[in-house]
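Reader: I am new to this structure and would like to be taken through it step by step. Could we begin with how strands are said to pair, and then go on from there?

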Amino acid sequence: MLKRTLAFTKPYHLSLKNRQMIIKAKDESGSCTSVPVEDIGFVILENQEISITMPLLNALADNNAAVILCSDKFMPNAMFMNLDSNSTQGESFRAQLSATEPLKKNLWKQIVEAKIRNQAALLRKLDKDGDSLKPYYQNVKSGDSDNREGVAAKIYWNELFDNNFMRFRTGPSPNEMLNYGYTVLRAAVARSLTGSGLLPAIGIFHRNRYNAFPLADDIMEPYRPFVDEIVFHLYANGENSLNKYSKSEILKLLYTDTFFENVTRPLDIGLSITTASLAKCYNGLQKKIIYPLLK
């Protein structure tokens with residue numbers, strides 16, 4: 001079932017009644033509406049005057065909904081997630097924790113290949129030189145030991161925007177919009193990982209001691225071009241900043257079609273296909289992570 005994403009940019013009081021999220025405006029109108037908790041996948045709390053009750057937070061956690069808190073600069077800053085969202089979680093944890101180094105290197109090889117393939121596919125879709133990336137996604141070595149990902153990234157960004165563009169978090173536009181999109185994607189991946197019984201804190205390649213979700217950072221890599229496509233069109237149409245309109249367009253990411261070998265699914269559901277396949281790889285039931293191809 002495709003879950004709803006609720007983004008709150010104005011002051012509201014959020015509470016729970018009869019398994020419904022009660023949304024009451026804090027302004028003079030005092031307007032009130034409700035949404036079934038079971039329909040909610042993501043809640044983004046942006047306004048600093050929002051209040052939310054503990055029963056609602058627990059109900060959202062029981063439903064494996066991700067609750068994202070934004071800073072006073074309106075950027076996602078923290079996330080609440082369910083710690084027990086899968087019936088075979090213990091078994092999956094043990095398989096994940098016992099993964100061998102050769103297995104992890106093979107998984108990272110697959111992730112790099114899928115990421116560069118999707119980068120190339122996006123460039124071709126935009127009538128740019130995607131074939132320039134073909135040598136980089138072919139014959140990636142175990143663990144990407146020769147860093148094809150990094151070399152391909154430089155070519156990709158220069159081709160996608162221009163030779164003067166530099167991708168870094170504090171860089172000029174459209175970096176801010178990319179940051180926002182990647183943060184939303186990261187939250188969606190972390191939610192899907194817990195739903196598949198995996199620990200987002202135990203990564204394959206990313207291992208920064210200060211990173212709470214390294215596995216989400218690993219698994220999201222081939223999905224990044226889906227964010228890039230949305231931001232590219234925003235930027236090409238004159239959007240240079242993160243505002244209400246650009247945020248709403250970026251949030252549509254979760255409903256973007258993703259194309260797998262035999263099925264097409266919205267990205268939020270596609271992520272569950274990918275994370276479920278990863279769990280099977282850890283458990284020795286299959287050898288390949290299932291990723292979509294951007295079309």
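Author: Two strands are taken to pair if DSSP finds at least two bridges between them. The model we are looking at is a predicted one.

Reader: With that in mind, which residue of strand 3 stands opposite leucine 14?

Author: Strand 2, which covers residues 12-17, and strand 3, which covers residues 20-25, run antiparallel and are joined by six bridges. Across this pairing, the residue of strand 3 that stands opposite leucine 14 is isoleucine 23.

Reader: In what order do the four strands of the open sheet lie?

Author: The pairing in this open sheet is mixed. At its edges are strand 4 (32-36) and strand 6 (51-52), each of which pairs on one side only. Helix 1, made of residues 54-62, packs on the sheet and touches strand 2, strand 3 and strand 6. Read across the sheet, the four strands come in the order 4-3-2-6.

Reader: Is serine 51 buried, partly exposed or exposed?

Author: Serine 51 belongs to strand 6, and, leaving aside neighbours within four places in sequence, serine 51 is in contact with Tyr12, His13, Leu14 and Lys26. Because its relative accessibility is 23%, serine 51 counts as partly exposed.

Reader: Which residue is the bridge partner of cysteine 70 in strand 8?

Author: Strand 7 (residues 66-70) and strand 8 (residues 76-80) run antiparallel, with four bridges joining them. The two form a hairpin with five residues between them, and in the turn phenylalanine 74 has a positive phi of about 70 degrees. In strand 8, the bridge partner of cysteine 70 is proline 76.

Reader: How far does the backbone nitrogen of leucine 294 lie from a polar atom of the side chain of asparagine 118?

Author: Asparagine 118 lies in helix 3, residues 101-125, and is buried, because its relative accessible area is 1%. Not counting residues up to four places away in sequence, asparagine 118 touches Pro222, Pro225, Phe226, Pro292, Leu293 and Leu294. From a polar atom of its side chain to the backbone nitrogen of leucine 294, the distance is 2.8 Å.

Reader: Which element gives the most to the lining of the largest pocket?

Author: About 500 Å³ of space lies in the largest pocket. Its lining is made by 18 residues, and Glu261, Lys288, Ile290, Tyr291 and Pro292 are those that lie nearest its centre. With five residues, the element that gives the most to this lining is helix 3.

Technical notes: Residues are numbered from 1 along each chain as its sequence is written. This is a predicted model: local features need pLDDT of at least 70, side-chain atom pairs count only at pLDDT 80 or more; totals for chains, interfaces and linings use all residues. Side-chain values use heavy atoms; hydrogens and water are left out. Contact means heavy atoms within 4.5 Å. Axes are lines fitted to C-alpha atoms, for helices over the stretch in contact, and angles run from 0 to 180 degrees between N-to-C directions. Buried means under 20% relative accessible area, exposed over 50%, partly exposed in between (1.4 Å probe, protein chains only). A polar contact is a pair of N or O atoms within 3.5 Å; within protein, one must be able to donate a hydrogen and the other to accept it, and residues adjacent in sequence count only if both atoms are side-chain atoms. On a 1 Å grid over the protein atoms alone, a cavity is a set of points where a 1.4 Å probe fits but cannot get out, and a pocket is an open set with protein on both sides within 12 Å along at least five of seven lines; lining residues have an atom within 4 Å of a point. Grid points are joined across faces, edges and corners, and a volume is the space filled by probe spheres set on the points.
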